Amino acid sequence: MAEIIEPIEEYGLSNKHKKRSLFSKIGVVGCGRDGRHIVSLTALSGMEVVFIEVSEERIQEALKDIGHGLDTKIENWGLTQSEKRATMGRIKGSLNYSDLKGCDFVIECIRYEANGERSTELRKEVFRNLELVLAPDAIIATNATTVIISELAAELTHKARCISLHFPITHTDARLLEVVRGTFTSQEAVDKIYLFANMIKYTPIPVHESSGLVSFRLMIIMLNEACNIWMENVASLEDIDKEFTIIYGQRYGIFHLADIVGIEKLVMLMEDMFHEYGDKKYKAAPILWRLYRSKQLGVSSGRGFYVYDETGKQLGPNNLI
């Protein structure tokens, strides 16, 4: 049974001299797949969450998807209906940055474009907007796997509170948080993020600012080699995934994992890593480019290395590649 913690501030005998606890309210800018994951897990941990989107339609779409995710937990005996209502009651969508006032911590998580890129200029604009409404000691973070946080913080007045994080979202048990300090990041900001990680029951891992961090540098090498093995006709796609899961104790095969993360995201990240390190081992395999150019992007598009139904259930290998 999931542990649900409801805020208790409103039940005190008096609001006089009441001191608000750290991380009682956090914000998320952008509520795509990554943003929804962060909103859900923080609300489940008892925090009030405000997320910013560009339209009312996207707000409702995000709330509906978060609700469906909680319904899955209920079906698996990990949540009750009353706990779901309490969790959804802590989540608010907004079009206005001013609703983020009072947040201790805001995570920029704007959506990827269709080609797998995220605009650096747009993210800089998000950071500037956040600085206008947040207190000087509030943490501003980006959810990223590239060298970006120092660049995003460079134009701000209060640079020391900026930090980069990476939430793995491949499955619910991947409760690990890569914490990346930039050129200007203070130790106080790092300490606060470690406290936040403990509150959501994640294990924080310190990582130096680098393209791909640790998680994706490992995954991309394995994915490229798996693609080469498949293209050399050493083994079938399904059998390669079967070996990967059984021998190495993984939940998903490497090709299935690539579909979950998103082919477009992986190809763009691999290009970034290739230009950053100059090593051809990071260059995306031809089959990845074929999938990328034909918009067969994985679970999100219904077709990648495998074919998926509307619920994301795997139906079998993709015979079009």
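Nonpolar side chains count as one surface patch when they are joined within 5 Å and each residue has over 30% relative accessible area and no salt bridge. In this predicted model, Leu-22, Leu-195 and Met-199 form such a nonpolar patch of about 220 Å². Leu-22 is found in the segment before strand S1 (25-29). Its relative accessibility of 34% places Leu-22 in the partly exposed class.

## Helix H1 and its surroundings

Helix H1 has 12 residues, and the distance from its first C-alpha to its last is 17 Å, close to the 16 Å expected at 1.5 Å a residue. The helix is mostly covered, since 10 of its 12 residues are buried. Among them are Asp-34, Arg-36, Ile-38, Val-39, Ser-40 and Thr-42. After H1 comes Gly-46, which has a positive phi, near 95°.

Thr-42 deserves a separate description. This residue belongs to helix H1 (residues 33-44). Is Thr-42 buried or exposed? Thr-42 is buried, because its relative accessible area is 0% and buried means under 20%. Which residues are in contact with Thr-42, leaving aside its neighbours within four places in sequence? They are Ile-26, Met-47, Val-49, Phe-196 and Ile-200.

Ile-66 lies in helix H2 and is buried, with a relative accessible area of 3%. Residues up to four places away in sequence not being counted, Ile-66 touches Cys-31, Arg-36, Val-39, Ser-40, Met-88 and Ile-91.

## Salt bridges

How many salt bridges does a search of the whole structure find? The search finds 14.

| Pair | N to O distance | Location |
|---|---|---|
| Lys-84 and Asp-71 | 2.8 Å | helix H3 (residues 81-89) and helix H2 (residues 56-75) |
| Glu-108 and Arg-123 | 3.3 Å | strand S4 (residues 105-108) and helix H4 (residues 120-133) |
| Lys-192 and Glu-188 | 3.7 Å | both in helix H6 (residues 187-199) |

The side chains of Lys-84 and Asp-71 meet in a salt bridge, and this pair links distant parts of the chain, 13 residues apart. Lys-84 is buried, with a relative accessible area of 17%, whereas Asp-71 is partly exposed at 23% relative accessibility.

Glu-108 forms a salt bridge with Arg-123. Because Glu-108 lies in strand S4 and Arg-123 in helix H4, the pair ties together parts that are 15 residues apart in sequence. Both Glu-108 and Arg-123 are buried.

Lys-192 forms a salt bridge with Glu-188, and the two residues are four places apart in H6, about one turn of the helix. An α-helix has 3.6 residues a turn, so residues three or four places apart point the same way. Lys-192 counts as buried at 15% relative accessibility, while Glu-188 counts as partly exposed at 49%.

Salt bridges also link Glu-121, Lys-124, Arg-128, Glu-151 and Glu-155 in a network.

## Helix H4

Helix H4 has 14 residues. From its first C-alpha to its last, H4 reaches 21 Å, close to the 20 Å expected at 1.5 Å a residue. Which residues of H4 are buried? They are Arg-123, Lys-124, Val-126, Phe-127, Leu-130, Glu-131 and Val-133. Arg-123 is the salt-bridge partner of Glu-108, and Lys-124 belongs to the salt-bridge network. The buried residues of H4 pack against S1, S4, strand S5 (139-143), helix H5 (149-153) and strand S6 (162-166).

Strand S9 (residues 306-308) and strand S10 (residues 314-317) run antiparallel and are joined by three bridges. Which residue in S10 is the bridge partner of Tyr-308? The partner is Gln-314. Together S9 and S10 form a hairpin, with five residues between the strands. In the turn, Gly-312 has a positive phi of about 90°.

How values were computed: Residues are numbered from 1 along each chain as its sequence is written. This is a predicted model: local features need pLDDT of at least 70, side-chain atom pairs count only at pLDDT 80 or more; totals for chains, interfaces and linings use all residues. Side-chain values use heavy atoms; hydrogens and water are left out. Patches are made of residues with over 30% relative accessible area and no salt bridge: like charges are joined within 9 Å, nonpolar side chains (Val, Leu, Ile, Met, Phe, Trp, Tyr) within 5 Å. Accessible areas come from the Shrake-Rupley method with a 1.4 Å probe; for residues, only the protein chains shown count as cover. A salt bridge is a side-chain nitrogen of Lys or Arg within 4 Å of a carboxyl oxygen of Asp or Glu. Buried means under 20% relative accessible area, exposed over 50%, partly exposed in between (1.4 Å probe, protein chains only). Contact means heavy atoms within 4.5 Å. Two strands pair if DSSP finds at least two bridges between them. The expected span of a helix is 1.5 Å times one less than its number of residues.
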